[in-house]
Amino acid sequence: MSRILRCAALFALLFTLFRPAPALCVSSEIVGHAVMAAIPVSAFAVAYFNNDVEGEKQWLRNVIANQTLTSIARLGFNETSLGRRPTGNGYGFPSGHVAFAGSGAAFYSERYGWKYGVPAWLATAFVANNRVQNHDHHWRDVIASMALSYGVGKLFVTPENASYVAPVIGPDWLGLRWERSF
């Protein structure tokens, strides 16, 4: 009997999920905001739950540098034609939403590799498309934000298990130094 009740409960749950309910309808703009926030927050959560203290520090430096450069660029371009949004308002170039989402995606891809990075960049592309479709930005705004996020991530985030080979020059010798973090 309990097996039949469990199957019935599962069927009822699935039935309610597939029925359109007006109370559950949310705008695409709200979904874009949620995904935008979820990417960098989940990136920090992955570093935190993996006890990756260095990753947490790099996440913070990456987000601060990314948002600072984005804000400076927005102030600089605001009085130009690039700074105008499709609605005519200012502060359109580059997109702050996409830059914030991209900071998490850049952290994922640089720190933990493509298995984390590809889904994060796809989610960032969703945020970018959402911003353009809602007439908040032009394509140039979101592409510039993604490029900026990628570049900042390259500068501030190192792989978790990184190997480095560097030349070493002494007074009478040349050599290579190899470092590996575990």
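Helix α3 has 25 residues and reaches 36 Å from its first C-alpha to its last, close to the 36 Å expected at 1.5 Å a residue. The expected span is 1.5 Å times one less than the number of residues in the helix. Helices (H or I, at least four residues) and strands (E, at least two) are DSSP runs, numbered from the N terminus. The model is a predicted one, in which local features need pLDDT of at least 70 and side-chain atom pairs count only at pLDDT 80 or more, while totals for chains, interfaces and linings use all residues. Residues are numbered from 1 along each chain as its sequence is written, and side-chain values use heavy atoms, with hydrogens and water left out.

The protein chain contains six helices and two strands. Along the sequence their pattern is α-α-α-α-α-α-β-β. Of its 182 residues, 34% count as buried. Buried means under 20% relative accessible area, exposed over 50%, and partly exposed in between (1.4 Å probe, protein chains only). Among contacts between residues at least 6 apart in sequence, 64% join residues at least 24 apart. Contact means heavy atoms within 4.5 Å.

The buried residues of α3 are Gly 55, Gln 58, Trp 59, Asn 62, Val 63, Ala 65, Asn 66, Thr 70, Ala 73 and Arg 74. Their cover includes α2, α4 and α6. Gln 67 also lies in α3. This residue is partly exposed, because its relative accessible area is 25%. Gln 67 touches Gly 96, Ala 99 and Phe 100, not counting residues up to four places away in sequence. Gln 67 and His 97 stand 30 residues apart in sequence and 9.8 Å apart in space, C-alpha to C-alpha.

Helix α3 (residues 53-77) also meets helix α6 (residues 139-156); their axes come within 9 Å and cross at roughly 140°. That angle makes α3 oblique to α6. Axes are lines fitted to C-alpha atoms, for helices over the stretch in contact, and angles run from 0 to 180 degrees between N-to-C directions. Angles under 35 degrees count as roughly parallel, over 145 as roughly antiparallel, 65 to 115 as roughly perpendicular and the rest as oblique. The α3 and α6 crossing is right-handed. A crossing is right-handed if the near helix is turned clockwise from the far one by less than a right angle, and left-handed if anticlockwise. On the α3 side, the contact involves Gln 58, Arg 61, Asn 62, Ala 65, Asn 66, Leu 69 and Thr 70. On the α6 side are Leu 148, Ser 149, Val 152, Gly 153 and Phe 156. The residues of this contact divide into five nonpolar, six polar and one charged. Ala, Val, Leu, Ile, Met, Phe, Trp, Tyr, Cys and Pro count as nonpolar, Asp, Glu, Lys and Arg as charged, and the others, Gly among them, as polar.

Helices α2 (residues 28-49) and α4 (residues 96-112) pack at about 30°, with axes 8 Å apart. The angle makes α2 roughly parallel to α4. Their crossing is left-handed. Residues of α2 in this contact include His 33, Met 36 and Val 46, while those of α4 include His 97, Phe 100 and Tyr 112. The contact comprises 13 nonpolar, five polar and no charged residues.

Helix α5 (residues 114-133) has 20 residues and reaches 27 Å, close to the 28 Å expected. Its buried residues include Trp 121, Asn 130 and Arg 131. Among the elements covering the buried residues of α5 are α2, α4 and α6. His 135 follows α5, with a positive phi near 60°.
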